[in-house]
Amino acid sequence: MSRKMVIVGLLIVMSTFAILSLGCLRPVVMVRPPEPRVEVYGPPPYPEAVWRPGHWEHRGGDWVWIPGHWTRPPRPHAFWIPGHWEARRGGWIWVPGHWEYR
């Protein structure tokens, strides 16, 4: 009986992992994204402010510009690595931006 429970438990874990893996695939966009816009921004609104540049987002078959903005870092010595579009698998995928710490 306990061996049967272990097998059932493993099947549940493996099924859950497979479902989550498939749900986490990044969508591939077949059309190359436009060149990034040149954004003009003033001085930071407060000393620790970090500029997160704008980017193109693909929505419903169209490209939409998401403007950049000032933001507060999550902790000291954090800097923003901007997201970017990368050519892969016969199309383009969005690689999200993230914080790095030094």
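Contact means heavy atoms within 4.5 Å. Keep that cut-off at hand for the exercises below. The model is predicted.

**Exercise 1. Contacts and core**

Task: Find which residues Trp65 touches, not counting residues up to four places away in sequence. Then find which residues make up the largest nonpolar core.

Solution: 
- Step 1. Set aside residues up to four places away in sequence; Trp65 then touches Pro36, Arg37, Glu39, Gly54, His55 and Trp56.
- Step 2. Turn to the largest nonpolar core, which has five residues in all: Val29, Trp56, Trp65, Trp85 and Trp92.
- Step 3. Link the two steps. Trp56 is one of the residues Trp65 touches, and both Trp56 and Trp65 belong to this core.

**Exercise 2. Two pockets**

Task: Describe the largest pocket by its volume, its lining and its residue classes. Do likewise for the second largest pocket.

Solution: 
- Step 1. The largest pocket has a volume of about 250 Å³.
- Step 2. Its lining counts 17 residues, and those nearest its centre are Pro34, Glu35, Pro36, Trp56 and Trp85.
- Step 3. Sort this lining by class: nine residues are nonpolar, four are polar and four are charged.
- Step 4. S2 (55–59), S6 (84–88) and S7 (91–95) each give the lining at least two residues.
- Step 5. The volume of the second largest pocket is about 150 Å³. It is lined by 13 residues, with Arg52, Pro53, His55, Trp80 and Trp94 closest to its centre.

**Exercise 3. Aromatic pairs**

Task: Classify the ring pair of Tyr41 and Trp70, then the ring pair of Trp51 and Trp70.

Solution: 
- Step 1. Start with the total: the structure holds seven aromatic pairs.
- Step 2. For Tyr41 and Trp70, the ring centres are 5.5 Å apart and the planes stand at 80 degrees, so this pair is edge-to-face.
- Step 3. Tyr41 sits in the loop between helix H1 (2–23) and strand S1 (50–52), while Trp70 is in strand S4, 29 residues apart.
- Step 4. For Trp51 and Trp70, the centres are 5.3 Å apart with 70 degrees between the planes; this pair is edge-to-face. Trp51 lies in strand S1 and Trp70 in strand S4, 19 residues apart.
- Step 5. Check exposure. Buried means under 20% relative accessible area. Trp51 has 17%, so Trp51 is buried. Trp70 has 24% and is partly exposed. Tyr41, at 42%, is partly exposed.

Technical notes: Residues are numbered from 1 along each chain as its sequence is written. This is a predicted model: local features need pLDDT of at least 70, side-chain atom pairs count only at pLDDT 80 or more; totals for chains, interfaces and linings use all residues. Side-chain values use heavy atoms; hydrogens and water are left out. A nonpolar core is a set of buried Ala, Val, Leu, Ile, Met, Phe, Trp, Tyr and Cys residues joined through side-chain atoms within 4.5 Å. Buried means under 20% relative accessible area, exposed over 50%, partly exposed in between (1.4 Å probe, protein chains only). On a 1 Å grid over the protein atoms alone, a cavity is a set of points where a 1.4 Å probe fits but cannot get out, and a pocket is an open set with protein on both sides within 12 Å along at least five of seven lines; lining residues have an atom within 4 Å of a point. Grid points are joined across faces, edges and corners, and a volume is the space filled by probe spheres set on the points. Helices (H or I, at least four residues) and strands (E, at least two) are DSSP runs, numbered from the N terminus. Ala, Val, Leu, Ile, Met, Phe, Trp, Tyr, Cys and Pro count as nonpolar, Asp, Glu, Lys and Arg as charged, and the others, Gly among them, as polar. Rings of Phe, Tyr and Trp (its six-membered ring) pair if their centres lie within 6.5 Å; planes under 30 degrees apart count as stacked, over 60 as edge-to-face and the rest as tilted.
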